[in-house]
Amino acid sequence: MKPFNPHEKSQRLRLFKPSRKPAGVFTLSIALCDASLTVLAFFLAVSPFVMQPGINVTLPASPFTGGARFGSMVLSITPGGWFYFDDERLDAARLPAALEAAASADPGAPLIIEADERVEHGTVILAWNAALEAGITEVSMATRISAIEEGLQ
């Protein structure tokens, strides 16, 4: 009789040779694509929750709105009388030079003025006139849609 060998089964399994070999590059590329798509889905799901830097402007309500062209320049006016254009804080004295530089860089681009509803009318007209003097031919005012907001409240 043979003596008992507790390792006999594991020794036999070590001699086992699989009949199919894994497809190395293909399997690895599928796993890599799956991981990258998972990371992409995560970033797409989380991106709306990232705070965007900017200024708080409460736009006046209007039931009539029009669309803005892509690539429009945006001028924001705060209740304190500050102008924000091209990520730069400007006062009334520096605004015309900044608008002229932007108009010469992109001659056909329209300008959208986002003025807070508490901004004085004279400040908005000052910005409008500075835009026209700079050579910007298409100037629009940004508003929020009042009909939708009234339905949500």
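Trainee: Hi! How many salt bridges does the structure hold?
Mentor: There are 2 salt bridges in this predicted model. Side chains of opposite charge can pair when their charged atoms come close.

Trainee: Okay, which side chain does Arg-94 meet in a salt bridge?
Mentor: Arg-94 pairs with Glu-88, at 2.7 Å from N to O.

Trainee: And is Arg-94 buried, exposed or partly exposed?
Mentor: Arg-94 is partly exposed, with a relative accessible area of 41%. Glu-88 is partly exposed too, at 36%.

Trainee: What about Arg-118, which side chain does it meet?
Mentor: That one is Asp-116, and the N to O distance is 3.0 Å. Arg-118 counts as exposed at 56% relative accessibility, whereas Asp-116 has a relative accessible area of 3%.

Trainee: Why does Asp-116 count as buried?
Mentor: Because buried means under 20% relative accessible area, and Asp-116 has 3%.

Trainee: New topic! Where is Asp-86?
Mentor: Look at the loop between β3 (83–85) and β4 (88–90). Asp-87 lies in the loop between β3 and β4 as well.

Trainee: What is phi like for Asp-86?
Mentor: Phi is near 55° for Asp-86, a positive value in a residue other than glycine. For Asp-87, phi is also positive, near 60°.

Trainee: Last one: which ring does the charged end of Arg-89 sit over?
Mentor: The ring of Trp-82, with the charged end of Arg-89 at 3.7 Å from the ring centre.

Technical notes:
Residues are numbered from 1 along each chain as its sequence is written. This is a predicted model: local features need pLDDT of at least 70, side-chain atom pairs count only at pLDDT 80 or more; totals for chains, interfaces and linings use all residues. Side-chain values use heavy atoms; hydrogens and water are left out. A charge sits over a ring if NZ of Lys or CZ of Arg is within 6 Å of the ring centre and within 35 degrees of the ring normal. Helices (H or I, at least four residues) and strands (E, at least two) are DSSP runs, numbered from the N terminus. A salt bridge is a side-chain nitrogen of Lys or Arg within 4 Å of a carboxyl oxygen of Asp or Glu. Buried means under 20% relative accessible area, exposed over 50%, partly exposed in between (1.4 Å probe, protein chains only).
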